[in-house]
Amino acid sequence: MNALTKTDFKFEGQRNVYHGKVRDVYDINDDLIVMVATDRISAFDVVLPKGIPFKGQVLNQIASKFLDLTSDICPNWKLATPDPMVTVGLKCEGFKVEMIIRSILTGSAWREYKAGCRELCGVKLPEGMKENERFPEPIITPTTKADEGHDMNISKEEIIKQGIVSEEDYNTIEDWTRKLFARGQEIAAQKGLILVDTKYEFGKRDGKCYLIDEIHTPDSSRYFYADGYEEKLAKGEPQRQLSKEFVRQWLIEHNFMNEPGQTMPEITDEYAASVGDRYIELYEHITGETFVKVNSEIDLAERIEKNVSKYLASRK
């Protein structure tokens, strides 16, 4: 089983590298970013001990496709995808907030609502809502981007008051968030899906705002199947989801939620391969295209290094 779980490249002009939970980000001459979508997978704030074949390719190609499909709405960081697992783009100074937008009351928002909360990130919530019910219109519930620990909910007013983002820039990215989400919902509807909620990240370069990072992937977004949504809502039944929720459920069934005293269950090659198959299924549903497995018999790191180096050399 071939999966890329670790990278240690030395590209020409490389300044530093940041190893995230699932992506490795290389800084080239303080000008470009080489973002490698590895096959690592995380759940409950922990990286699982085994990689998932083709996961990196799936996420990178979905994000790349949606960056292209929304480039008329706002400028984004992407320049090229020299390898199926890599996007190269402009280095931007990221804003310290994530713009989360929700069309349906579910997940953490539902948990807070159920506990009696009627205001989320400064947004008033209607009384009498049910789990998985649509909001009258999508709501934006930003979070701070924490360097350590958990991200925290924050209101638009607090973001501007604390100077995290200027009022002018915030108004820009708020407008883009609504337009990007509307486009994502439109595309999802054509595939028989509902884009329930998602997050966007933005940054700035040379005084100009950009959309950065991945968008509309199953790791950053939640999708429901449109077929049966109303019936399940009426009956109070769980919705059919298209996200990595199935991995979390598997861990819960094996008594793991990353709590003290719990042990990570064994991830067999067979289970990892089955998760890879689910990610491919997600790709095909979300994009409406057949997933083409890029030859994984060769060394993945070797292939990436060759493709990225060739692209960087072509920019000289």
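Student: In which loop is the place of Phe54?

Tutor: Two remarks on the source come first. This is a predicted model, in which local features need pLDDT of at least 70 and side-chain atom pairs count only at pLDDT 80 or more, while totals for chains, interfaces and linings use all residues. Residues are numbered from 1 along each chain as its sequence is written, and side-chain values use heavy atoms, with hydrogens and water left out. Phe54 has its place in the loop between E5 and H1; helices (H or I, at least four residues) and strands (E, at least two) are DSSP runs, numbered from the N terminus.

Student: What is the phi of Phe54?

Tutor: Most residues other than glycine have a negative phi. Phe54 has a positive phi, near 75 degrees. Phe44, in the loop between E4 and strand E5 (46–47), also is not a glycine and has a positive phi, of about 55 degrees.

Student: Is Phe54 buried or exposed?

Tutor: Buried means under 20% relative accessible area, exposed over 50%, and partly exposed in between, with a 1.4 Å probe and protein chains only. Phe54 is buried, because its relative accessible area is 16%. Phe44, with a value of 22%, is partly exposed.

Student: Which residues of helix H6 are buried, and why are they on the same side of H6?

Tutor: An α-helix has 3.6 residues a turn, so residues three or four places apart point the same way. In H6 (residues 245–253), the buried residues are Phe246, Val247, Trp250 and Leu251. They are on the same side of H6 because they cover an arc of only 140 degrees around the axis, the arc being that of the directions from the helix axis to the C-beta atoms. These buried residues pack against strand E4 (42–43) and helix H7 (269–287), where contact means heavy atoms within 4.5 Å. Just after H6, Asn255 takes a positive phi of about 60 degrees.

Student: How do H6 and H7 cross?

Tutor: Two packed helices are described by the angle between their axes and the distance between the axes. Axes are lines fitted to C-alpha atoms, for helices over the stretch in contact, and angles run from 0 to 180 degrees between N-to-C directions. The axes of H6 and H7 come within 10 Å and cross at roughly 150 degrees. H6 is therefore roughly antiparallel to H7; angles under 35 degrees count as roughly parallel, over 145 as roughly antiparallel, 65 to 115 as roughly perpendicular and the rest as oblique. On the H6 side, the contact is made by Phe246, Val247 and Trp250, and on the H7 side by Tyr271, Val275, Arg278 and Tyr279.

Student: At what angle do H1 and H7 pack?

Tutor: Their angle is about 15 degrees, with the axes 9 Å apart, and H1 and H7 are therefore roughly parallel to each other.

Student: Where is Asn132, and which side chain makes a polar contact with the side chain of Asn132?

Tutor: A polar contact is a pair of N or O atoms within 3.5 Å; within protein, one must be able to donate a hydrogen and the other to accept it, and residues adjacent in sequence count only if both atoms are side-chain atoms. Asn132 has its place in the loop between strand E11 (123–124) and strand E12 (134–140). The side chain of Asn132 makes such a contact with that of Thr106 (2.9 Å). At 6% relative accessibility, Asn132 counts as buried.
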